[in-house]
Amino acid sequence: MATQVGALSSSTSVDLASMRDYLFDVQGFFVIENAVDAGHVEELNSVLDSVPGDIAPGGWWGNVQRADSSEPSKGLELQNVVEAGEPFERLIDHPAWIDYMRRYCGEDDSYVNGLFIDECFAAIRRQGGYLRVHSGGYRKALRGAYRFEHGVFRCAQVNVLVALSDIESGDGGTLVIPGSHKANLPHPQADAHRTGTMDDMVGVVQPVLHRGDALVFCDALAHGAAMRSKTDGERRTVIYRYGPSWGATRSGYRYSDELLGRLTPARRSILQPIVPRVPPT
Ligand SMILES: O=C(O)CCC(=O)C(=O)O
């Protein structure tokens, strides 16, 4: 597998936003180093530490659901995790990435501008866990499409994956095929990788993520995660998927009235961009 060289860092002397836009366009992803500060990462991890260990697959913890039964190799997946507590609410409009989200998939400069989070979850993987390859531009669903036209981005889904543990070699890192968000042909090894890991697919790279770093990527990018080989510890991530204001949650989760009621207007407008219109009672 190729390793990433020439990675962008905050010490690179260039306008960061322009460089990230460029990388997002040509590669389909970039990394924001230290996007979430150490204290916030700790708070997120301590919420996850408090999740009962005996939630059955499909079972609920408040308005958070364990949803990994269809693919056990994914490890523990806690869906609708924005309902897990205030540290997760703070990620909704996090300043490290929210402007990129607005620009890439917020229907900027249109009559329906605004964002919506259509899926958010935490994933905890131990030894042997991995995620098979999926997405890629070839015959991609409109829901995850990449588009840049007439000087504006019009992407349908952009993901922010925050590392809550260091994710280096052997940790089961996220794997991507740079540029595959624009692919017009199927990857020649795709059929052989419908199941299993994508580690040996030609063109794959693993962006190194340290705790607190965020990987921003268009969902059209072919991606997955390597098998975690380390025997001890856990790989922890949290993923928020952003899309246009008119989207719907992918799996039918509803943000609770309690959560919507306590959010700042800015955060509420991302979880409920279109307020239900009903006749007066
Ligand atoms: O687990 C990962 O590293 C990637 C997760 C992801 O992007 C997905 O679930 O689609």
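The report below describes a predicted model, beginning with the ligand and its surroundings and then turning to the pocket and the cavity.

## The shell around the ligand

The residues around the ligand are Phe121, Arg125, Leu131, His134, Leu161, Thr174, Phe217, His223, Ala225, Arg235, Ile239 and Arg241. By class, this shell divides into 6 nonpolar, 3 polar and 3 charged residues.

## Polar contacts and cover

An N or O atom in the side chain of Thr174 lies 2.5 Å from an oxygen atom of the ligand, while for the side chain of His134 the corresponding distance from an N or O atom to a ligand oxygen is 2.8 Å. In the case of Arg125, a polar side-chain atom is placed 3.0 Å from an oxygen atom of the ligand. Taken on its own, the ligand has 300 Å² of accessible area, and the protein covers 95% of it.

## The ligand site as a pocket

The space that the ligand takes is the largest pocket. The elements that contribute two or more residues to the shell around the ligand are strand E5 (115-125), strand E6 (131-134), strand E12 (223-225) and strand E13 (235-244), and of these E13 gives the most, with 3 residues.

The largest pocket holds about 930 Å³ of space. Its lining consists of 49 residues, of which Arg132, Val133, His134, Ser135 and His223 are the closest to the centre of the pocket. Two of these, His134 and His223, are also listed among the residues around the ligand. Strand E4 (76-79), together with E5, E6, E12 and E13, makes up the set of elements that give two or more residues to the lining of the largest pocket. Sorted by class, the lining residues of this pocket comprise 20 nonpolar, 16 polar and 13 charged.

How many cavities of 30 Å³ or more does a search of the whole structure find? The search returns 1 cavity of that size, and about 40 Å³ of space lies in the largest cavity.

The lining of the largest cavity is formed by Gln79, Asn80, Asp118, Glu119, Cys120, Thr249, Arg250, Ser251, Tyr253 and Tyr255. The residues lining the largest cavity divide into 3 nonpolar, 4 polar and 3 charged.

Notes:
Residues are numbered from 1 along each chain as its sequence is written. This is a predicted model: local features need pLDDT of at least 70, side-chain atom pairs count only at pLDDT 80 or more; totals for chains, interfaces and linings use all residues. Side-chain values use heavy atoms; hydrogens and water are left out. A residue is near a molecule or strand if one of its heavy atoms lies within 4 Å of it. A polar contact is a pair of N or O atoms within 3.5 Å; within protein, one must be able to donate a hydrogen and the other to accept it, and residues adjacent in sequence count only if both atoms are side-chain atoms. Accessible areas come from the Shrake-Rupley method with a 1.4 Å probe; for residues, only the protein chains shown count as cover. On a 1 Å grid over the protein atoms alone, a cavity is a set of points where a 1.4 Å probe fits but cannot get out, and a pocket is an open set with protein on both sides within 12 Å along at least five of seven lines; lining residues have an atom within 4 Å of a point. A molecule sits in a cavity or pocket if more than half of its atoms lie within 2 Å of its grid points. Helices (H or I, at least four residues) and strands (E, at least two) are DSSP runs, numbered from the N terminus. Ala, Val, Leu, Ile, Met, Phe, Trp, Tyr, Cys and Pro count as nonpolar, Asp, Glu, Lys and Arg as charged, and the others, Gly among them, as polar. Grid points are joined across faces, edges and corners, and a volume is the space filled by probe spheres set on the points.
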